[in-house]
Structures are given as C-alpha cells and as structure tokens.
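Student: I would like to go through some local features of this chain with you, beginning with a loop.

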Amino acid sequence: MRALVIGAGEVGSNIAASLDDEHHVVVVDTNADRIDDITYSHDVLAIQGDGTSIGTLRDAGIENADLVIASTDVDETNIVICGAAKAVSDPFTIARVRKPNLLRTWEQSEGAFGVDFMVCTDLQTAETIVRIAGLPGAHDVETFADGLVRMAEFEVGADSPIAGETVSEADRFESLTFAALLRDDDVIVPRGDTVINDGDAAVVIGSRESVRAFASSLTPEPTLEDANEIVVVGGTEIGYQTARLFEADGLEPRLVERDPARARDLAERLPGTLVLQSDATDIDFLVREHVDESDIVVATLESDEKNLLVSLLAKRLGVQRTIGIVESGEYVDLFETVGIDVGVNPRLVTSEEITRFTREQRTENVAMLESDRAEVLEIEVEADSVLFETRIQDAMGELPDGVVIGAISRDGELITPRGETVVRGGDHVVLFVDTAVLDAVTSAM
C-alpha cells in the first residue's frame, strides 16, 4: 500500500513509524527540521511542502496513493487536505481533528468533507481515560470479542505481590492468560517458571471478571464501580468529554474549572456532574472540598506542568489514584516517575487509533502496546488459517516465537486456551504478537 502522511509532528511521525515496515510511506510537512528528522529516523520518503497544495500532493504521488492521513495540528487544514486528495485521485482518507463538533457533523453527513474516516483526539483521549480508570493499576486497557475478552497491562513494582513470583505462582485466576512480560527493551513470552521481576510490565488477557480480579489483587485502588468520588480537574474539551463519559456509566463526578463562564456552561451541559468554579492548584480549596477523600483525580488542564502539580497535590492529600494528560510525549515516563500514576498523551492515543484502523482491514480488532513493540489482535479463524480445526499445541509449531493465544470466543462464550484446545472455524482468537514477527503471524492467520 502507498500511504501519504501529511504532518510530521508527533502524531504523523508515530503513524509513519508504524506503517513503514509494511508499506511505502511518503511524509509531507512544511517544517524543514521535521523533514530532516524523519528522513534520518524512518524508512520513508519525506517531502517539504504544503499538504493543502495540489502541486505538493502530486509531488508526493497522490495519483498512486491508496491512503492519505491528514495529521497536522489544525483541524481545518486536515479536512482541506482530504478534500484536495479526493479532488485529484480516490485514496482512502483519514483526518485527525480535535473538535468533537466536526466529528459529529461528519458522522451525520455521509461523505462530508471528502473524509472517509475521522479520529477525534479529545474524544478518543477521554475514552482512554475512562477505560483506564475502570481498571485499578492498569496502564493500558482494551476489549475484544464484543466485550467478552479484556487485555490489560500492569506495571510491576517492588511492592507488588507478584514481584519475584513465577508466572505459575502468579496465575491464580480462572480464564486468565499471562501473554507477555515487557522488560526494558525485550518482549518476553513467559513460561510457567518465568520469574516476574520488579520493573516488568505484565500483559494479561482473559475474561473481564478475571482481569478485574487480577487487578484487585495487585492494588487496593478501587474500580469505577467501587469509587465513591471522582474529580476531574480542568474544563477543557477533554475534561468535559471525560466527565460526560463518567456520567454515561452512571457515575456522578465533580469537575473543577477556574473560568466562571466556562464553569457555568459545563454545569448546564453536565446535569450529573457537580461543577465547582475554583483554581484546583489552590491546596486550601482542595482541602475544603474534601478532594483528599476522592478515589480518582483526573487532571485535564491545558498545561502539562499544572496537571503534574494537581496530581502531586492530590497524592499529598491522600488520593489513591491520579490520571493526567501529558501533551508532550517525551514527558510521560518522567511524570509517571515523579507523581502521576498514569500519564495519557493525546497525540499517542490518536496515532495508535489511526494505525489501528489501517490494520483492522485484516483483523477484527487491534491494540498496540508500548509504542508498537507488540500488538494484541483479534482474528476470526477461517479455513486457510494455521489454527483451523487444529489443536493449539500443534498449531504453535507452525508459528514463530513471540506469539501467545490469549483467549478464544466461540458463539458468545469465552474459552480459555490450553494446548489440547481445538480451534474451530468461526472462532474469534485473541493473540499477543511481538511486532518483530507480526507479518509472519498475520499471513499464517
């Protein structure tokens, strides 16, 4: 596939990195420094120019392009790019936007703007926050097989009850599979005698109940169902969407917004949320409003530094769990080290969603882990699959190392895979795959 990525910022660069192994990728940006950086760091053709220009698109090979991804930081520019691409050729177009109203307009107007698929950064980020908040201690959460199967990634600290245990000792839950341990730069497919180390990230796949039980065994942090108090700090669009999604789950969060006019507007739009007009970096206000009694604080201010400050203040007051927006991707690890339990980078969320969509043409669902070091795939088994009507232990001999079958969905029921399990045609199989062997695995499926 020939893919054009317009915009070489954090989103565009991540997308290009995810696609360049399998496809011919051309990246366009107006910034010469970005073009130089991506030329040296990725196996792509990089062109300096304006992606809204027909001439630039032609220089990039728009006539032969199968896919155009508009990923600049300006919503309207991305929409114009898609329209321009459709004017001279017929590629599949994807636009990144921040404004949910543009997404709503596109959803209600078939073929609007010349955009075939649209990703809304703010809404996607809010959905990610709510998904992570629903599972204590998790850094990444995805669902598969129409919600029957859940995948989650957990950091293992020195005080974790599974640190130092073997996988066999840690696997105390029905319908749960330890799919991988992410250790430094290595992806380890664990055996029963593999020891789980402090600093590992454990990836598990199983039923919603078993993954939740596993999470609860690692940390005393409450699930959303158990949470008595959730506070969203910041009435940004991400903050509003997060509170709205919490409301949709039957919760009654509190939202803190400093600007009086914005606070009034949010109070009208969020009937199930108590909106407080104040500065959330004021520790006297936090104490007065008993924020220390909150189970979860979500920081969605426009400043990374303020989100870190709010999280640190919340932790100092005794809040059990903090989730914060970190707009600068390079700061996520740092912020998680010094104060935020989970940092969510909207640009990374967006790039992963776009990359996921490009790969779902050959799978039912995809989740990417640790900046695409590994993937979890959902595949429907057909007659040409190596798994078709075969015992798992026999099929694994035909697959490369770096693959784990985590769960099987059959006619709406979950099957925990074992060596003797025979995979049937029509089964939905959830696989953990090291990215290094992704091509070999998908071709065998």
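Student: In which loop is D411 found?
Tutor: This is a predicted model in which local features need pLDDT of at least 70, side-chain atom pairs count only at pLDDT 80 or more, and totals for chains, interfaces and linings use all residues. Residues are numbered from 1 along each chain as its sequence is written, and side-chain values use heavy atoms, with hydrogens and water left out. Helices (H or I, at least four residues) and strands (E, at least two) are DSSP runs numbered from the N terminus, and D411 lies in the loop between β21 (403-410) and β22 (413-415).

Student: Does D411 count as buried or exposed?
Tutor: Buried means under 20% relative accessible area, exposed over 50%, and partly exposed in between, with a 1.4 Å probe and protein chains only. D411 has 78% relative accessibility, and therefore counts as exposed.

Student: What is the phi of D146, which is not a glycine?
Tutor: Most residues other than glycine have a negative phi. D146, in the loop between β7 (138-144) and β8 (149-155), has instead a positive phi of about 55 degrees.

Student: Which residue in β13 is the bridge partner of V231?
Tutor: Two strands pair if DSSP finds at least two bridges between them, and strand β12 (residues 230-233) pairs with β13 in the parallel sense over 3 bridges. Within β13 (residues 254-257), R254 and V256 point one way while L255 and E257 point the other way. The bridge partner of V231 is R254.
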